[in-house]
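User: I would like to learn how to read a model like this one. Can we go through it feature by feature?

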Amino acid sequence: MAELTSHDEFAPAELRARVDAWVEGKGRKELDRTIRSAEKAREAVRAVLRVDQQTLSNPVTL
Amino acid sequence: MDAFRVVPFSPAALSEIVTEKSFGASPSVGRKKNVEYLGSYLSKVETKTIVVEHTYIDKDYLEDFAAYYVRCFADYPKTCTRLHFFSEEFSESEFRSALEHAADHPVENANYLGFIVLKPLPDTVIGRTCLRPWKDTADRKRVFPIVCDVPVNLFGINLSVRSLPFQEQDTDVAACATSALWSALHGTGRLFQHQIPSPVEITKAASAHSRVDDRSFPNRNGLNAFQIADAIRSVGLEPLAIRGSDTTMVRLAAAAYLRAGIPCILLSRLHDAASNVEIGRHAVAVNGYSLGNLKPKSWTKNATVFRAATIDRLYCHDDQIGPYAALEFDANGSISAGFDKASKVEILPENLIVPLYHKIRIPVSTIIEKVAALDDTIETLRAARLLPLERRLIWDVYLNDIARLRTRLFQSEELPTALRISKLEKSYPRYVWVAIARIGEEMQFMLLFDATDLLQAEQFIDCIPFDAGLCSALAVVSGNPEIRSINRVFAWFEAHSNELVATPAASADGDK
């Protein structure tokens, strides 16, 4: 289990400052891209799990 | 004739008994592939002795007999034979002494492996078969969440076997899909408390709305997915169909429902492995799985990594082979089946049909979509070094009833006591979807989704943090309003930041 220390780059205050700076900088674009790609990920899952209606009427005979 | 006979087990002995008990005693019956498989299976589970119960009245056969066989001109008997299998060697006199209340006898549950009912028919003789599933070995852990105790009374001796019933298809009153449905409905019948129909009742329900080009009996045309759905609805359950062409998703979906004790019916095209000629379409009842040595990989390029991709075998009741037959997945996701090289076939799944209790409204696809979207954002934060993650998360998604989940949390040694008790005391819906984020085998956090919720709702209801480091960082990152607004899970982490960030070391280790 990872432990957090004040010298850790993931120490709360340091991390929060880095997050805010990232969002104000190149992070905003990244987040916008993430939102779009999350929607694409959803669509991809939907497409791969959506039943092919034609196969439903295939009789299973063996 | 005595009511029983005790025979040392061998595949040849089994084959002889099967031939002897078939109608007309045709030797070809004892040489059938499924009898060969049963002989091989019983050898591998170390069977030593068979007790032949000559006269046994089997409810399922009797239903089919009353509905169909009795009206044939041929005089098919109404009683069956039942074969009991033991992992201990004993003689007929030792079995007799057990019946005479001998103090020490080997006819006990610890040695009992299960039974096969033999139907007095000319060819399809393997009736209700309840055998113990494969045991774990040093290199293979197997999971059979569907099996449960089947009580057996052998001349007054109470035995039981943990099993899911199997039977061979009868081409008159049932097709392979009927046999797969019959096995699956045994699993759901015990879970959701519905009546368990016999094969003839399943075929009738399935073909109630069929058109004139299909005869219900004798059933040589098989069933399609719509008819399978009709049979599932006839017992009060709701059928869910999932596309089967992606073999990672098939494993994920099958294991996700199996873990809640719900068997699935897999409909596939079969190709002869040697000639690559299509053989036809087949249905099996999926009832177990095994996590092998396959490496977890994303289901498509740069996508979410699901633990289900490491499943290298799905076990199923396959009436062409036998109970607990393995569908084997290779590293590319290709599937093969068959218990020897000569009978190997390639499996191309088309659809997975899941019989569901009506309150399980949220399908697995909805949860996979949510997990994929969340994982995508976490990956972005990881790439920006805002999360203490060296590798991509591996996701384990499954359905659970709340009692099973509470038992798991109750037994958990990974959670701090106070957190564990607070989650045990919380009110949750009867069915929940669980999504566990892992690094390797280490659980990082567990998301809970209400499986009974409306489709239009959010479904996410709670999170159980396991790894203090990651969960604390997620809480801090979620403090940023733009990140928090992306996903409800980030909002949850932000709302619980006091517990997660304030004293991470104490909450992780301090009060176990």
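Analyst: We take confidence, then a helix pair, then the core. This is a predicted model; local features need pLDDT of at least 70, side-chain atom pairs count only at pLDDT 80 or more, and totals for chains, interfaces and linings use all residues. Residues are numbered from 1 along each chain as its sequence is written, while chains are lettered from A and ligands numbered from 1 in the order in which they are written.

User: What does chain A average in pLDDT?

Analyst: pLDDT is the predictor's confidence in each residue, from 0 to 100. Chain A averages 84, and 89% of its residues score at least 70. Over residues 1-6 of chain A, pLDDT stays under 50.

User: At roughly what angle do the axes of H7 and H8 of chain B cross?

Analyst: Helices are DSSP runs (H or I, at least four residues). Axes are lines fitted to C-alpha atoms over the stretch in contact, with angles from 0 to 180 degrees between N-to-C directions. H7(B), residues 199-206, and H8(B), residues 225-233, have axes that come within 7 Å and cross at roughly 115 degrees.

User: Which residues of H7(B) and H8(B) meet?

Analyst: Contact means C-beta atoms, placed from the backbone, within 7 Å. Ile202(B), Ala205(B) and Ala206(B) of H7(B) meet Gln227(B), Ile228(B), Asp230(B) and Ala231(B) of H8(B).

User: Which residues touch the most other members of the largest nonpolar core?

Analyst: Such a core joins buried Ala, Val, Leu, Ile, Met, Phe, Trp, Tyr and Cys residues through C-beta atoms within 7 Å. Buried means 20 or more other C-beta atoms within 10 Å of a residue's own. Among 169 residues, Ile228(B), Ile265(B) and Val397(B) touch the most other members. Beyond neighbours within four places in sequence, Val397(B) contacts residues including Phe306(B) and Trp433(B).

Conventions:
Helix = DSSP H or I, 4+ residues; strand = E, 2+ residues; numbered from the N terminus. Contact = placed C-beta atoms within 7 Å. Buried ≥ 20, exposed ≤ 12 C-beta atoms within 10 Å, placed from the backbone.
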